[in-house]
Amino acid sequence: MAEFTLHIGNKCFSSWSLRPWVAMRHLEIPFEEGFVRLRTPETAANLAKISPTGLVPVLDHNGKIVWETLAILEYLADLHPEKKLWPVDLGARALARSVATEMHSGFREVRYGWPMNLRRPKSHKPLDAEGEAQRARIEAIWRQCREQYGEGGPFLFGHFTAADAMYAPVVTRFDTYGGELAPVTRAYVDAVLAMPAMRDWYAEAAKEPWPEPGPDE
């Protein structure tokens, strides 16, 4: 049995589940997958069995329970420093943690205006004024990280880091709803979507048999 069990929700729309899942898959940290189907009458009771907050994701490491996505990524970074989930350079690491935390706590109007839905046909959906300001801020973050620290590869800090994991669900939103993207944005979105781990997540989401969510739910 694997040391880790990562409990997640529906791949079609569980954006928080995607973040540690794609990190562990991409970095080849073996884990078993636990699943709780969301948005059912039984969901709350099923989540209560594995999650102290009633939310996913939750990481079970040989009985040690870690919840909250950033905490999971930090825990994995502590256990596997060789994976470089945070940049080695102090300035880059500070920026990576700053933008990851900003993602964790912000961009509400983008989240609600462009809900993650991997089954939705791609088409532009305008955001309200606040959502548009938040979208522009996300693109500014991506440009800053790429310009300052992205020379070594296609990700925000060159190689894949926890910051990329935190923005992966937003990448799907830009691809689904964003329409024609600026070249720098499109290049980063395409780099994340090309990851084998992301392709696997999309493929498994497509196989989910349940009808939810609706096109803009």
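Here are legends for a few close-ups of this predicted model.

Residue numbers start from 1 along each chain as its sequence is written. Local features need pLDDT of at least 70 and side-chain atom pairs count only at pLDDT 80 or more, while totals for chains, interfaces and linings use all residues; side-chain values use heavy atoms, with hydrogens and water left out.

**View 1. The largest nonpolar core.** This core holds 61 residues, and V22, L59, W142 and Y167 have the most contacts inside it.

**View 2. Around Y167.** Skipping neighbours within four places in sequence, Y167 touches V99, A100, M103, F107, I138, I141, W142, L156 and Y188. (Contact is heavy atoms within 4.5 Å.)

**View 3. Where α7 meets α8.** The two axes, lines fitted to C-alpha atoms over the stretch in contact, come within 9 Å and cross at roughly 110 degrees. Angles run from 0 to 180 degrees between N-to-C directions, and 65 to 115 counts as roughly perpendicular, so α7 and α8 are roughly perpendicular. Residues meeting here include D164, Y167 and F174 from α7 and R186, Y188 and V192 from α8.

**View 4. A second, separate core.** Six residues make it up, including C12, V36, L38 and L47. C12 is buried at 0% relative accessibility.

How values were computed: Core = buried A, V, L, I, M, F, W, Y, C linked by side-chain atoms within 4.5 Å. Buried < 20%, exposed > 50% of the residue type's maximum accessible area, 1.4 Å probe, protein only. Helix = DSSP H or I, 4+ residues; strand = E, 2+ residues; numbered from the N terminus. Parallel < 35°, antiparallel > 145°, perpendicular 65-115°, else oblique.
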